[in-house]
Amino acid sequence: MKKKKQRQSLLAGRLLIVILLVVMALYGFLIGPIRYAVTNDFLFGGLISMLVVFAILGAFFMLTLWLTGSRVLPVNSRDPREAAAARRVLFLFALGGDVAMAVVREGVVEPGPNGESREHAGGIGVIDVDSTSAVTLHTAIGFSRVEGTGLVFTHETEQLMHLIDLRIQFRTQEFDFLTRDGIPIKVRLSLRFQIDRTEFNRNLHAHDPKAPYPRPLKWSRHRVERALSVLQVADSEGNLTRWNERVMGTGQGMLRAIIADYTLDGLLAPQDPTKNPRAEIRSLLTQRLTPVMAGRGIKIITVAVGVIFPADFDPEKTFDQQNPALDKITEQRIKAWKAEYESRMFRISGEAQAEAERQREKARAQAKLESLLRLAQAVEQDLPPSGDQDQVTQHFWSVVKKMTDDPQTHALLDDELLRYMMLQFGRPLDFPMLPGQTDTNEPPPTT
C-alpha cells in the first residue's frame, strides 16, 4: 500500500511538470513576448517566441538551483568546497541524473524510500553520517578515504564500503570448549570494546566557531584504518567480516587455548571453595587479548567469562520445580563432591570430639591440682606454734572440713578421692560409706 501511494505521488508530480511545460510552450508560441517583433510569419515567429520563453525559464531554473544549492543540504556555507559540491549534487538530481544517496545512523545504512538497500552506494552523491559513525570510501583500485560526522560528498569512482560505529561496542556469545580431560563444556564470553583513541567531548561548546555542528566524539583515522585492515572473507559471495566481529573471534580462540589447560575440577574447584578459577581465566585472557587488539586499532574495555557448565546442561530442566533433571556429568560430579565433603566432615567432627575430650581432661586435672594447692596453703597458714602431732592433725582435719563445706570447693573435688584420703587418715568426716565398703581403712574399689 505504501509503495503504491509513492508511485501514485511520483506519477502525479511528473504529470504536473508535463502540464506546466505544455502550458509554457503554448504561451510562448501564441502570446510570447517577441511574438511579432522579429517576423510576421505566424509559425516562425511562434517558434522563436517559444524558444525565448524556454530560455528565460531555463535561466531562472538554473539560477534558482544555484541559489538554493547550499541551502537544501546542511552544509557549511562558509566552506566554498562544500557549497560547490552541494550545488553539483542538486544540479545532477534536478536534471534527472543518478545521484548516490545514503543515510548512516549508528553504524548502519538506512534503507531507501522503497526499502532498497544502499549499503554500497557509489558514484556522485552525498552520504549523511551521524555523530557516532564513520565510513570508508573505496575505488576500483582500493581504499580511498575515511570520513566521519557530517555530509560526505562522493566522487564518480568512489563507493561506500565499511561502516564503523564509534561508540562502545558490547558482544556476548556462548561457545563450546573441551577441557584437558576431554569433557565438553560451554562458556559465555562477553566483551566491551571500542575504536582505540576514541573519546567523548565533555564540552560540546568548546569547538571551532566556524564549524556549525560540533562533533561529540574525537577519533583517530589511523586507528580506524588499522581496524579495517586485512579483513577476512566471510562467505562465498565475497563479503568481508565486519571489524567488530574480529574481536569476538580472536577472544574465542584465546579462551579455547586457556581452557584446554584446565581439567573440569580445575575449572570448578569443588574441593577448595576459596579459589576462583574464572577470575584467573579472565585476567589471563585480558592480558593476552588487549595487546593483540591494540595492534589492530581496537581498545579492550572489559572482558567477562560466564559460569562454566557441562555441554549437556539445560537450565530449564535443571531448575524445573516439578521435575528437576541433571545432566550426567553434573550428576556424577555432585556425587563425587558429596562423598569428598562427607569424609571431610566426619574427619573434622572426630578431631573436634577428641580435642573437646582432651580439653575436659585437662580442665579436670587442673581443678584437682588447684584444690590440693589451696588445701596445702590453708594448712601452712594456720599451723599452731608447737609441733605437737595431734594438734597438727586435728587442725588439718578442721581445715579440710571447713573447705569441703564450701559449695564452690566441693564442686571441684572428686568425692571418691576425698573419701579415700579421709579414711587413710582415720578421720572420716560425715562422708557416707561407699557401696560395698566393709573396712574403713580399705580404699574404694577401682573400676
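This is a predicted model: local features need pLDDT of at least 70, side-chain atom pairs count only at pLDDT 80 or more; totals for chains, interfaces and linings use all residues.

**Entry: two loop residues.** I went to the loop between E1 and strand E2 (108–109), where I found Glu106. The phi of Glu106 is near 55°, which is positive in a residue other than glycine. I noted this since most residues other than glycine have a negative phi. Glu106 counts as partly exposed because its relative accessibility is 47%.

I then looked at Arg197, which also has a positive phi, about 60°, and is not a glycine. Arg197 lies in the loop between strand E9 (184–195) and strand E10 (199–200). With 54% relative accessibility, Arg197 counts as exposed, because the cut-off for exposed is over 50%.

**Entry: strand E3.** Which strands does E3 pair with? On one count, E3 pairs with strand E1 (residues 100–105) in the parallel sense, over 5 bridges. Here I picked out Val103, whose bridge partner in E3 is Asp128. E3 is also joined to strand E6 (residues 150–154) by 5 bridges, and these two run antiparallel. For Val129, the bridge partner in E6 is Gly150.

**Entry: aromatic rings.** How many aromatic pairs are there? I have 3 on my list. One of them is Phe175 with Phe177, a tilted pair at 6.1 Å centre to centre, with 35° between the planes. Both Phe175 and Phe177 are buried.

Phe309 and Phe313 form a stacked pair, because their planes are at 5° and their ring centres are 4.2 Å apart; the cut-off for stacked is under 30 degrees. Are the two partners buried or exposed? Phe309 is partly exposed, at a relative accessible area of 29%, while Phe313 counts as buried, at 9%.

**Entry: a surface patch.** Last, I looked for nonpolar side chains on the surface. Leu15, Ile19 and Val23 form such a patch, and together they have about 270 Å² of accessible area. I placed Val23 in helix H1 (residues 2–31). Val23 counts as partly exposed, at 46% relative accessibility.

Key: Residues are numbered from 1 along each chain as its sequence is written. Side-chain values use heavy atoms; hydrogens and water are left out. Patches are made of residues with over 30% relative accessible area and no salt bridge: like charges are joined within 9 Å, nonpolar side chains (Val, Leu, Ile, Met, Phe, Trp, Tyr) within 5 Å. Accessible areas come from the Shrake-Rupley method with a 1.4 Å probe; for residues, only the protein chains shown count as cover. A salt bridge is a side-chain nitrogen of Lys or Arg within 4 Å of a carboxyl oxygen of Asp or Glu. Helices (H or I, at least four residues) and strands (E, at least two) are DSSP runs, numbered from the N terminus. Buried means under 20% relative accessible area, exposed over 50%, partly exposed in between (1.4 Å probe, protein chains only). Two strands pair if DSSP finds at least two bridges between them. Rings of Phe, Tyr and Trp (its six-membered ring) pair if their centres lie within 6.5 Å; planes under 30 degrees apart count as stacked, over 60 as edge-to-face and the rest as tilted.
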